[in-house]
Amino acid sequence: MRIAVLGGDGFVGWPTCLHLSDLDHDIHIVDNLSRRWIDTELGVQSLTPMDSIQERCRIWREVTGRRLNFHLIDLAKEYERLKGWLAEHRPDAIIHFAEQRAAPYSMKTDRHKVYTVNNNVSATHNLLAAMVETGVDAHLVHLGTMGVYGYGTVGAAIPEGYLPVKVDTTDGEAEQEILYPTRPGSVYHMTKSLDQILFQFYAQNDGLRITDLHQGIVWGTHTEQTRRHEQLINRFDYDGDYGTVLNRFLIQAAIGYPLTVHGTGGQTRAFIHIQDSVRCIELALADAPHAGERVKIFNQMTETHRVRDLAELVARKTGARVAYLPNPRKEAEENDLVVKNDQFLALGLDPTTLAEGLLDEIVEVARRYAHRIDRSRVPAVSAWTRDLASRVERDPEGTRLRSVSGGTA
Ligand SMILES: NC(=O)c1ccc[n+]([C@@H]2O[C@H](COP(=O)([O-])OP(=O)(O)OC[C@H]3O[C@@H](n4cnc5c(N)ncnc54)[C@H](O)[C@@H]3O)[C@@H](O)[C@H]2O)c1
């Protein structure tokens, strides 16, 4: 298949390109490299040394003989170029990763909120409108998030996209399935909730064939293909905005930094290893809905864990200290989370779990590149409200000079 991977230079996009290229697909990466610019804005870099996208593609060709094509296009701002590109290349499938994906970044300031909404909603809508206009009948696979549902405790498993409800009609009780209600907890999650409505409309109005993958938090860094050459290495975010919870604990442990748990650590989240994430995308590609069918929704996760349990697990393995800090997010202190993922299991997913020794591999990667870590970028300081911002802990290590005179500083 000819596959367009939008956002193919990113953390999940890059290993997906390699995985699908290895399966003999013709891969076209479309990316505006905005994620690399955000690193520059934030003054951070990937823990792992990441080459330019052109260099990564060259190395892949050298190692495997397979070609990866790169196209520099901003999906949100260059509608006509996107349309022209689709008309010319006519992919059989499109995988859409190309959004601003960090909740803390989306809550940093009003400018970051505006950027995230403009970028994510326009990227998705431009793509849908251009697919209809060019008549490209590609299967669109989008990466959404489990976070669209919020993390309130409802006491029932989160289904895969749709909820059967009974309504009272004039002819008596009738049953129908509705989109499971969203309850986004950040501007980023809000954009993913809006994406869902855009997909629902274009599937119903234009017969676009769409799969939406509600993904859990991705952990790990290597996949089978990124291990093949050091210059194929994946990016690894550790900073307070883009670093995700388990990966952050592992790098914190590797550099002797306290494991930063926010609030009580009673938040339960859904997780998936990067190797399973790329495998799920392969499985979803092979299971396209038909034109006229409703959007297919999968929960792309393999296990759930409470944050403090993860911190304690990493602490036990590595001897690290756990620091309980004020939570910069506005969220429930404690929640349970039960999620259905029957569809991927039925398609043959064999989950990689935390128990499988891969935690050590990540700590090893972190130790190897520890010299690239700027410790001052580790704390999570983007707060959801002004009030929470005033209580954020910016120095979990306690390295700032403290008054020893006993007076108030
Ligand atoms: N990483 C996770 O834990 C996780 C969890 C759930 C869902 N997701 C979803 O998966 C997708 C990929 O996540 P990721 O971690 O690889 O993110 P990432 O930020 O590493 O990658 C996103 C890529 O999209 C590109 N991009 C952004 N806006 C663009 C635009 N307007 N035009 C062209 N390219 C653009 C960026 O340059 C980047 O290369 C995201 O949509 C994210 O919401 C990720």
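This is a predicted model: local features need pLDDT of at least 70, side-chain atom pairs count only at pLDDT 80 or more; totals for chains, interfaces and linings use all residues.
Student: Hi! How many residues surround the ligand, and which are the closest?
Tutor: The ligand is surrounded by 27 residues, and Gly-7, Gly-10, Arg-101, Leu-143 and Val-218 are the closest.

Student: How do the residues of that shell divide into nonpolar, polar and charged?
Tutor: There are 11 nonpolar, 10 polar and 6 charged residues in the shell.

Student: Let's follow E9. What is the strand order in its sheet?
Tutor: The order is E9-E11-E13, in an open sheet of 3 strands with mixed pairing. E9 and strand E13 (303-306) each have a single partner strand, so one side of each lacks a neighbour in the sheet. Neighbouring strands are turned by 45 degrees against each other on average, direction ignored.

Student: How many bridges join E9 to E11?
Tutor: E9 and strand E11 (residues 268-273) run parallel and are joined by 3 bridges. Ile-217 stands opposite Phe-271 in E11.

Student: Which helix lies across those two strands?
Tutor: Helix H8 (residues 245-254) does, running at about 35 degrees to E9.

Student: New topic: where is Leu-33?
Tutor: Leu-33 sits in the loop between strand E2 (26-31) and H2. Its phi is positive, about 60 degrees, although Leu-33 is not a glycine. Most residues other than glycine have a negative phi.

Student: What about the phi of Arg-90?
Tutor: Arg-90 also has a positive phi, of about 40 degrees, and lies in the loop between helix H4 (79-89) and strand E4 (93-96). Arg-90 is partly exposed, because 14 other C-beta atoms lie within 10 Å.

Technical notes. Residues are numbered from 1 along each chain as its sequence is written. A residue is near a molecule or strand if its C-beta atom, placed from the backbone, lies within 6 Å of it. Ala, Val, Leu, Ile, Met, Phe, Trp, Tyr, Cys and Pro count as nonpolar, Asp, Glu, Lys and Arg as charged, and the others, Gly among them, as polar. Two strands pair if DSSP finds at least two bridges between them. Helices (H or I, at least four residues) and strands (E, at least two) are DSSP runs, numbered from the N terminus. Axes are lines fitted to C-alpha atoms, for helices over the stretch in contact, and angles run from 0 to 180 degrees between N-to-C directions. Two residues are in contact if their C-beta atoms, placed from the backbone, lie within 7 Å. A residue is buried if 20 or more other C-beta atoms lie within 10 Å of its own, exposed if 12 or fewer, and partly exposed in between; C-beta atoms are placed from the backbone.
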